[in-house]
Amino acid sequence: LVACSPAPTSSAPAADEEASAEQAVDPAVGAAREAVSLFYTALAKLRPRGAPTTEQRNELATLLSSELVDLLQRADAARAAARAAAPMEKPPFTDGDLFSSLFEGPTAFVVGEPQTGAAGEWRVPVTLTHSTGAQGAQPTEWTDTVVLREESGRFVVADIAFGGQWDFANKGTMLAALRAGLAGQ
């Protein structure tokens, strides 16, 4: 999604003002935005339901923190073990989008402005939209916040704070939800 902005009411800045503004931008801000954009682009391509499969995790691994990759691997293993132990029952970590507030997941995203946080982490708000494509249906829109940290010299997704405000939205954070789900296994 691309937002259109109204025409400026003042004259355009001089070329030297634009150059100095570009130089003042922290390169980490661009790197953080790019990391989040790559992450949501990969999710849109892979569309994992429940815990990502080994193949999906392998594609996402360079975009995720080592802790998050480990928890997702454990969730996938818990699903497989539960399926083997009780084939007629629905195993954990099977359905829904673990990466967003909405069970169905987003169909579009807009990356917001990264902000530095505690302990070198960055928080990046992402406006997410889910549209069914049905004529007359209103899309669902919400903002989740991606928490990034640096690992091996690059930004990786360390957590996602869910921001959906409806009754059945995922609440809290992705890490907390994974840990709670795994504790019950």
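Trainee: Why is Lys 45 called exposed?

Mentor: This is a predicted model, and in it Lys 45 has 60% relative accessibility. Exposed means over 50%, so Lys 45 counts as exposed.

Trainee: What makes Glu 59 partly exposed?

Mentor: Its relative accessible area is 42%. Buried is under 20%, exposed is over 50%, and partly exposed is in between. Glu 59 therefore counts as partly exposed.

Trainee: How do you know that Glu 59 forms a salt bridge with Lys 45?

Mentor: The closest N and O atoms are 2.7 Å apart. The cut-off is within 4 Å, so the pair passes. Glu 59 lies in helix α3 and Lys 45 in helix α2, so the pair ties together parts that are 14 residues apart in sequence.

Trainee: What makes the contact of Arg 74 and Asp 70 a salt bridge?

Mentor: Their side chains meet at 4.0 Å, N to O. Arg 74 and Asp 70 are 4 residues apart in helix α4, about one helical turn. Arg 74 is partly exposed at 39% relative accessibility, and Asp 70 is partly exposed with a relative accessible area of 39%.

Trainee: Are Arg 79 and Asp 76 buried or exposed?

Mentor: Both are buried. They form a salt bridge, with the closest N and O atoms 2.6 Å apart. Both lie in helix α4, 3 residues apart.

Trainee: Why is strand β5 called mostly covered?

Mentor: In β5, 7 of its 8 residues are buried. Buried means under 20% relative accessible area. Strand β5 runs antiparallel to β4, and 7 bridges join the two.

Definitions and conventions. Residues are numbered from 1 along each chain as its sequence is written. This is a predicted model: local features need pLDDT of at least 70, side-chain atom pairs count only at pLDDT 80 or more; totals for chains, interfaces and linings use all residues. Side-chain values use heavy atoms; hydrogens and water are left out. Buried means under 20% relative accessible area, exposed over 50%, partly exposed in between (1.4 Å probe, protein chains only). Two strands pair if DSSP finds at least two bridges between them.
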